Amino acid sequence: MFSRLAGALVRAILIAVVISIPALILPDTNSDTAQIVALISLFAAALTFFEYASVYPGLVEFRDAPPFNRIRFISLFATVLLLTLAELSQFYPSTLTRFIEVMGSTVASSIDVPYSPVRLLQLALPADAGAQHIAMVRTAAGMAYLISLITLGYFVVILRLIGWPQAQTKFNVWVNLPTFDPTAGGDVVERLRRDAWFNIALGFLLPFLIPAVLKIVSINFVVVTLESPHTLIWMVTAWAFLPASLFMRGIALGRVAHMIEEKRRLQDANEYLPA
């Protein structure tokens, strides 16, 4: 019980720290922004603590099936931190911040091709956006997109190396997939595979759809400029992190479906063994 509470407390603190990174590092954070960030951090920390401290599942998937959520957290932490340091170079240039900015700019230049997600995100900006602002958005997009690709590659390699989730002592579908109802009807394996392919397809399309949505919002409602450093960091982070997270969820659901199918095959084979 104590270890569960301690682990939940550590996770809650880490989530609060990640959300607070831009407000703690960037120098132009006003009091209203700081209060909003503090409120969101407390809410996210409380949600994380009660989720992991509870014995019964809530909303977080694969809660007891590491390293799924750990990889996602490290990806989110790296994206927010690097984008914040790259934005900090506009205020206080240093060797570290300039290196991160140059690295992101180099990566963005290599993947900034016509119809690429990075190019589409730039096209979502207003026509009168300055060249420096466009370059900063491109740098942030390239860096975030690279982190998402590295995350996906690392996740696939880890799955192959440890044989997740078979390597776990036991995999409880109810605990690790609290939003999935196995009694809703239809074969569980087919439903899991259908959900897996849906998540993979949505993860592939989101980097292209989000810039289109931003452009539609800018035309019909309010102009989205991403000039605020905080808005730029969190919008680009969501643009890169959400598709990668959906990809990971789709791959994980496919693995769970394969695991259930293998167990069924073994049970059927054991039933027909000669006495």
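**View 1. Helices H3 and H4 meet through a handful of side chains.** Leu 82, Leu 85, Ala 86 and Leu 88 of H3 touch Leu 96, Thr 97 and Ile 100 of H4, where contact means heavy atoms within 4.5 Å. This is a predicted model, in which local features need pLDDT of at least 70 and side-chain atom pairs count only at pLDDT 80 or more, while totals for chains, interfaces and linings use all residues. Sorted by class, the contact of H3 with H4 has 6 nonpolar, 1 polar and no charged residues. Here Ala, Val, Leu, Ile, Met, Phe, Trp, Tyr, Cys and Pro count as nonpolar, Asp, Glu, Lys and Arg as charged, and the others, Gly among them, as polar.

**View 2. H3 and H4 (residues 95–111) cross at roughly 110 degrees.** Their axes, which are lines fitted to C-alpha atoms over the stretch in contact, with angles from 0 to 180 degrees between N-to-C directions, come within 8 Å. The two helices are therefore roughly perpendicular to each other; angles under 35 degrees count as roughly parallel, over 145 as roughly antiparallel, 65 to 115 as roughly perpendicular and the rest as oblique. Helices are DSSP runs (H or I, at least four residues), and strands are too (E, at least two), numbered from the N terminus.

**View 3. Thr 84 sits in helix H3, residues 68–88.** Look for Thr 84 in the interior: this residue is buried, with a relative accessible area of 0% (buried means under 20%, exposed over 50%, partly exposed in between, with a 1.4 Å probe and protein chains only). Leaving aside residues up to four places away in sequence, Thr 84 touches Ile 21, Pro 22, Ile 25, Leu 26 and Ile 233. Residues are numbered from 1 along each chain as its sequence is written, and side-chain values use heavy atoms, with hydrogens and water left out.

**View 4. Helix H1 (residues 2–25) packs against helix H2 (residues 31–53).** Their axes lie 8 Å apart at an angle of about 160 degrees, which makes H1 roughly antiparallel to H2. Among the residues in contact are Leu 5, Ala 8 and Ile 15 of H1 and Val 37, Ile 40 and Phe 49 of H2. By class, this contact has 15 nonpolar, 3 polar and 2 charged residues.

View 5. Residues 71–92 are 82% helix and 0% strand, with end C-alpha atoms 31 Å apart. Residues 143–162 are 100% helix and 0% strand, and their end C-alpha atoms are 28 Å apart.
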